[in-house]
Amino acid sequence: MDDWIMGACDQVDALVAKDPDYQELCARRRELEETCRQILDSLPPSSRDALTEYEYVIMEMAYQRTQTAYHLGKKHRSQ
């Protein structure tokens, strides 16, 4: 996993920084951010915590999928 963290992750970040589709999604996320924050702030703490945890799990799953894809690609290159 160290090779992912120490290099490939930076390369992915550099690529998506130039990717127009990814940048469009980032812009859309920024547009929605304040509205979502206001909605979360209006909820009872237990509901807010549940949604925040759900969001974290989704992001972590996407990150793990990316790591797995990297390792799979690395394995296939070495064969």
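In the predicted model, Glu 33 and Arg 29 are four residues apart in helix α2, which spans residues 20-42, so that about one helical turn separates them. Their side chains meet in a salt bridge with an N to O distance of 3.2 Å. Both partners are partly exposed: the relative accessibility is 34% for Glu 33 and 45% for Arg 29.

Glu 33 also forms a salt bridge with Arg 37, at 3.6 Å from N to O. This pair likewise lies in helix α2, with a spacing of four residues, about one turn of the helix. Arg 37 counts as partly exposed, its relative accessibility being 41%. A further salt bridge brings together the side chains of Arg 37 and Glu 34, with 3.7 Å between N and O. Here the spacing within helix α2 is three residues, again about one turn. Glu 34 has a relative accessible area of 42% and is therefore partly exposed. Through shared partners, these salt bridges join Arg 29, Glu 33, Glu 34 and Arg 37 into one network. In general terms, side chains of opposite charge can pair when their charged atoms come close. The count for the structure comes to four salt bridges.

With regard to cysteine pairing, the structure holds zero disulfides. Cys 36 takes part in no disulfide, and the nearest cysteine sulfur, belonging to Cys 26, is 15 Å away. Cys 36, by contrast, counts as partly exposed at 41% relative accessibility.

A nonpolar patch on the surface is formed by Tyr 56, Val 57, Met 59 and Met 61. Together, these four residues present about 400 Å² of accessible area. Among them, Met 61 lies in helix α3, which comprises residues 45-78. The relative accessible area of Met 61 is 52%, so this residue is classed as exposed; the class begins over 50%.

Methods. Residues numbered from 1 in each chain as written. Predicted model: local features only at pLDDT ≥ 70, side-chain atom pairs only at ≥ 80, totals over all residues. Heavy atoms only, no water. Disulfide = S-S within 2.5 Å. Buried < 20%, exposed > 50% of the residue type's maximum accessible area, 1.4 Å probe, protein only. Patch = residues over 30% accessible without salt bridge, like charges linked within 9 Å, V, L, I, M, F, W, Y side chains within 5 Å. Areas by Shrake-Rupley, 256 points an atom, 1.4 Å probe, with all protein chains shown as cover. Helix = DSSP H or I, 4+ residues; strand = E, 2+ residues; numbered from the N terminus.
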